[in-house]
Amino acid sequence: MFSHTSQHTKLHKTILRGEEQPALQKCKDCCSLYHCPFCGPEMFKPTIKSKCLKHLLGHRRRAIRHKEFFIFKCHLKCRTAPHFHCVSCTSTFMRKDGFLKHLAMCESKKPKVTVVELKSEESLPAPDLHLTASEAGSTEEMPVSEGHRNLISEGAQKIRRRKANFEQHLCPKRAVSEETVSQGPSHSETADQNFTGEGGVIEKQVRTDDPTISPVDEGDPSMVDLSVVDHNVTETTISNSAEADVAIQTLVNEMFSGHTSVESTIPQRSRSDAQDLCPFCGLMLHRKNLQVHLRRKHPDEVSNQEKPASAQGKNPKQQRLPLRQQQKITMESEIRDVFRHCIRFPVPISASVIADELVDSVSETRCITVLTRWSQCDLERGVKLRFSQRWTLLCKHNTIEHVLPSGTSSHIEKELLSCHSPSGTVQAVIREEAGDQYLEVWGQNGLEKTLDLTALNKHGKVYEDAQFSCLAWSPCEKKLLYVAEKKRVEPSAHSSANEDGGLVLLEEQDKNIYVEDWGEGLMGKSCPVLCVADLNKEAVIIYAGVPPHVSPGQALWAPNGRGVVFVGQWNEPFRLGLKFCSNRRSALYYLDMKGNCECLSAEGVSVSSPRMSPDSCWIVYLQGQVFGPHHQCLRMMLYDMKNRSTSVLVDVVRRAEKGQFAGIYESLPSQCWSADNERIFFSSACENNKKVGFLSSVDQAEDMQLCNVGGADVYEGFDWQPMLITPPSQEENHHFSGLNFGAILLKPYNPPERRKTPLVVNIHGGPHAHFAADWNATAAALTKLGFAVLMVNYRGSTGFGQDGIESLLGNIGNQDVKDVHRAVLWTLQNETTLDPDRVAVMGGSHGGFLACHLVGQYPDFYRACAARNPVINAATLLGTSDIVDWRYFSVGLQYDFDRLPTSQSLISMLEKSPIIHAAQIRAPVLLMLGGRDRRVSPHQGLELYRALKSRSTPVRLLWYSDEGHSLSKVNTQSDCFLNIVLWFKEHLN
């Protein structure tokens, strides 16, 4: 076939043999540049050599490999459209699949039989062996090397051992051949006969469509006739011996194997252009499903970029798979780099003044030392690091004149709690190493004292959370106050007495008794106790006298160190989840050294954040209501230690005017008092912002000076816009009319031209939480990757007054869903650069609840969804959540500890859940669940997963077995973000 083409038909210039490179010469006619040999100047303009070579590489990747030929697509003026030229005829084809089928058909039209005649080696003394390949009446002689002569001889011995069952099929063929010769040989046949001789090869053209024809004949031992159907014999003269050896070796292998090797990439079966074969298992899949299949079934092969030889040459579409894999790897690397860049910025934890010294009394110059603590994510190690910085401020007449450089930051390693003494000369640190906890005291000359708290065996683990923990120096700086888990004591024959005479429970005893804890984020914390470490005696004392129905925490020293003040959380009749909940019954207590306990606050309220003034005369704390919204607007209360009276400093703000103070929603800083006892500093949410404020006992207004002590010298460019939205009349809450809500829009600084930007709607959880116009690593990274991000503070968010929070009770799944959708419509209407056809939604907890509602209630609007630990069915969540009270209040029902569920309450919960809209969901849904979530059981996400799978809706579930509700580990955050971006890019683009 190919010999005929090479001898009688000149190959088209777009067909090259083997690794032959296309001719590339500088143009001497029209320009001094280089033309593409496969494209006309209208298709590819002449250019420099490097660009032309790069263009030819693209041709090479798209070329068809057929036997030893490379067939390039022709863009010349042979036809009006790009096409392929056949190597055997003058046909041209524009479609690749049709051209490949033509190659197979064109090849099968001219079958041939090759007969090889060998003389016995005993009778012939090493004759010269030649092979003659013939087609369409043409012949060509090729010399055979000594090595291949031996190979053919060995193969002949194998064929001689075949039995006479082949001979009966060959006899009719011989008769047909003799009859054809007797009728008179043609010119070409005469030429063939002239080559017949000892040790020669006789080749005759015979019909091969007879099913009785056998490829092998075993006759006389001294004469072997080999008849093989061969479609790949080339008749081109081979110029050097190496190429000849390779060609003859291929021919001999085909003759001895009895079949022809297939080199051309001809499809074995027809299929849709949108399908591809898996290179590792051969499964036919849609292109979109192929990527998911590779990640799930062949993660190791994809990561190592391995491609088995069995997958090569099956289909020309398969050649694009490594390119898509490479593009995906590049995309994943870009996403990780962007997220690493955005998450690496430090986040402030706390700041405190640790020294205030008078340098010059005449000029009233003071030197103030400020200690700041920061948290920073290290994506390479997958950990959160903490470090500290010290700033020195030189002040004159209460004005900051100079800020000295902070120097190098100090890494805080394995530190649970730390506190500077009132004099600022020493620092106490509680550190954990290898499961053991130590109390360290550091001074000017290094480590001064260490107590092994684990070896002392007075209590369990020290608390380091925000709900109970504390570490406070006594006024004499000889004792330290902290909170730890109680060592359970029970009289038993298996118990042993400690040095204080108490009984310590052995580990083997009562191991199956259920012990309550304080829910999500506080697992293993059940019975806290107040502990005092006496540094002089190197001993730990457990404070007695705390009422058994409360759990102490957030403790501080009373004046003169004669007692302690603490917050007691109610633990009867059972414990409810405490994290993110400011509505738990608690009170402020005073406990003296003799064990007498006194309640300082009102009964039946929620208390948090007690802070003692520097002169020990006042205590300021926050107070809220019990039950209802789990996060709410709080009162700031002031307790007079001398008169034992309580007053309100800041009341609850029901509804704030635009831009005005909207109430207190966050806990107070650990050192909120000014040194002169006249001011209290705090920060809180206010609409779409977070503001810092202070209370002053001075009547006249004062100017507050803000000073920037340092920065990271990093500028990130975003277009951002805060907005206030008023819902239309049909979406008003008639009990709380006139409320508005907020949103923040982030857009890429330089969006791509000629294409609108996709929009990602980010919804916060809570629901009583808040998006502020501060640094948000997730939103920033999405924006840098080309998305616009809309963060919605729907009605019920903090920062808009208590009325807005209470308006959501009984209206979840309706009011909040409409607010988010209204914000999206308002944004798309006012921002013409955003693409309304590419809108995705994401959120966690209650934000995931709203995201699933949106794709169910508006199935034709949102194109993709990503939800982290979402509430799917509030009715089934009732018995598994650690905040069962919110399950009732969220749907407008009252709750008490002894309440039992009814059919009406369960129906109300179900009707407000996203699961009832699961049948309408058409957008692809990505679910990310924490296996140890105590707030929202991971079975909530599994319930939606099964509902979508049963309806063939695209859904993917990521399970993080060691994570809780927040999915807060660094590696988990990175993996979630990567999968969210890939999910959105796949389904929005």
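Me: What pLDDT does the chain average here?
Reply: This is a predicted model, and the chain averages a pLDDT of 79, with 74% of the residues scoring at least 70.

Me: And what about residues 110-149?
Reply: Over residues 110-149 the pLDDT is below 50, although this stretch has 122 contacts in the model beyond near neighbours in sequence. The pLDDT is also below 50 over residues 493-497, a stretch with 14 such contacts.

Me: Switching to strands, what order do β18, β19, β20 and β21 take in their sheet?
Reply: They form an open sheet in the order β18-β19-β20-β21, and the pairing is antiparallel.

Me: Why is one side of β18 and of β21 left without a neighbour in the sheet?
Reply: β18 (415-420) and β21 (446-452) stand at the edges and each has a single partner strand, so one side of each has no neighbour in the sheet. On average, neighbouring strands of this sheet are turned by 20 degrees against each other, direction ignored.

Me: How many bridges join β20 to β21?
Reply: Strand β20, residues 436-443, is joined to β21 by six bridges, and the two run antiparallel. Glutamate 440 stands opposite threonine 450 in β21.

Me: Now the largest nonpolar core: which residues touch the most other members?
Reply: Of its 60 residues, those are Leu759, Val761, Leu790, Val824, Val841, Tyr862 and Leu944. Helix α15 (residues 846-857) supplies the largest share of this core, six residues.

Me: What does tyrosine 862 touch?
Reply: Leaving out residues up to four places away in sequence, tyrosine 862 touches Val761, His821, Val824, Val839, Val841, Leu854, Val855 and Ala923. Apart from this core lies another, of 40 residues, including Val760, Ala777, Val789 and Val970.

Terms used:
Residues numbered from 1 in each chain as written. Predicted model: local features only at pLDDT ≥ 70, side-chain atom pairs only at ≥ 80, totals over all residues. Heavy atoms only, no water. Pairing = 2+ DSSP bridges. Helix = DSSP H or I, 4+ residues; strand = E, 2+ residues; numbered from the N terminus. Axes fitted to C-alpha atoms, helices over the stretch in contact; angles between N-to-C directions. Core = buried A, V, L, I, M, F, W, Y, C linked by side-chain atoms within 4.5 Å. Buried < 20%, exposed > 50% of the residue type's maximum accessible area, 1.4 Å probe, protein only. Contact = heavy atoms within 4.5 Å. pLDDT = per-residue confidence, 0-100.
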